[in-house]
Amino acid sequence: EEIPLPDGSVDAVFCAEAFHWFDGPRALREIGRVLRPGGRLAVLFNRPAGGIEPPVPGLSELMRSRGHPHRRYGLVDSGGWLEPFAGSPFAIAHELRLPNMQRWGRDRLLDNLASFSWIAGLDDGGEREQLLREIAGLLADVTYTVPLEAHLLVFEHASIQGGL
């Protein structure tokens, strides 16, 4: 939203697992400002690509019941993070999806779940810690296979390509 670089100073801006945290229209204006002609914006994120193995009984229900209503299924899953691009000078130039199978122990899975933006954004009044304790109580001390799909979207800017 406030990149400390001069106008037209970078070939690319790369954002991984974070665009949904930004004030989208403001961030897009700022990214457009710092891009050189021909520059691109690359946005990378992971989405679930199947169920966790072994399954974690009660996890989905707990996450749905405790999730903030507009975050319940996630901005990434709903495509809501793309809303700031509508009417902006950015358009998708390339899209790539790749399998990203992960194998995590109990603590790494809990850390990953704790990093979900709607969980990380819960108030400091204990709501986040309570939810994480409840999730931890559902997890066994095993290695989990977590099927993800990495999505890479590369955007071009209308002023860079001479108009869309």
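Predicted model: local features only at pLDDT ≥ 70, side-chain atom pairs only at ≥ 80, totals over all residues.
The secondary structure of the protein chain amounts to 7 helices and 4 strands. Followed along the sequence, these elements come in the pattern β-α-β-α-α-β-α-α-α-β-α. The protein chain has 164 residues, and 36% of them are buried. Its accessible surface is about 9300 Å², with 54% of that area belonging to carbon and sulfur atoms. When contacts in the protein chain with a separation of 6 or more are considered, 87% are between residues 24 or more positions apart.

The 4 strands form an open sheet in the order S1-S2-S4-S3, and the pairing is mixed. S1 and S3 are the edge strands, each pairing on one side only. From one strand to the next, the twist averages 15°. As a general point, the strands of a sheet pair through backbone hydrogen bonds, in either a parallel or an antiparallel way. In this sheet, S3 and strand S4 (residues 144-157) run antiparallel and are joined by 14 bridges. Within this part of the sheet, Arg103 has Thr145 of S4 as its bridge partner. S2 and S4 also run antiparallel, with 8 bridges joining them. Here the bridge partner of Arg47 is Glu149 in S4. S4 is itself mostly covered, as 11 of its 14 residues are buried.

H1 lies across S1, strand S2 (35-48), S3 and S4, and runs at about 135° to S2. The buried residues of H1 are Gly24, Ala27, Leu28, Glu30, Ile31, Gly32 and Val34. Their cover includes S1, S2, S3 and S4. In general, an α-helix has 3.6 residues a turn, so residues three or four places apart point the same way.

Helix H4 (residues 106-114) lies across S3 and S4, at about 155° to S3. In H4, the buried residues are Leu109, Leu110, Asn112, Leu113 and Ala114. These buried residues of H4 pack against both strands and helices, namely S3 and S4 together with helix H2 (59-66), helix H5 (117-120) and helix H6 (127-138). Also worth a look is Arg108, which lies over the face of Trp104 at 4.5 Å from the ring centre.

The structure holds 7 aromatic pairs. In one of them, the rings of Phe19 and Phe22 have centres 5.6 Å apart and planes at 70°, so this pair is edge-to-face. Phe19 is buried, because its relative accessible area is 3% and the cut-off for buried is under 20%. Phe22, at 35% relative accessibility, counts as partly exposed.

Phe19 also forms an edge-to-face aromatic pair with Trp81, at 6.0 Å centre to centre and with 70° between the planes. This pair links distant parts of the chain, 62 residues apart: Phe19 is in the loop between strand S1 (10-16) and helix H1 (24-34), while Trp81 is in the loop between helix H3 (75-78) and strand S3 (90-104). Trp81 counts as buried, with 5% relative accessibility.

Which residues form one aromatic cluster? The members are Phe19, Phe22, Phe45, Trp81, Phe85, Phe90 and Phe155.

Methods. Residues numbered from 1 in each chain as written. Heavy atoms only, no water. Helix = DSSP H or I, 4+ residues; strand = E, 2+ residues; numbered from the N terminus. Buried < 20%, exposed > 50% of the residue type's maximum accessible area, 1.4 Å probe, protein only. Contact = heavy atoms within 4.5 Å. Areas by Shrake-Rupley, 256 points an atom, 1.4 Å probe, with all protein chains shown as cover. Phe/Tyr/Trp six-rings, centres within 6.5 Å; stacked < 30°, edge-to-face > 60°. Lys NZ or Arg CZ within 6 Å of the ring centre and 35° of its normal. Pairing = 2+ DSSP bridges. Axes fitted to C-alpha atoms, helices over the stretch in contact; angles between N-to-C directions.
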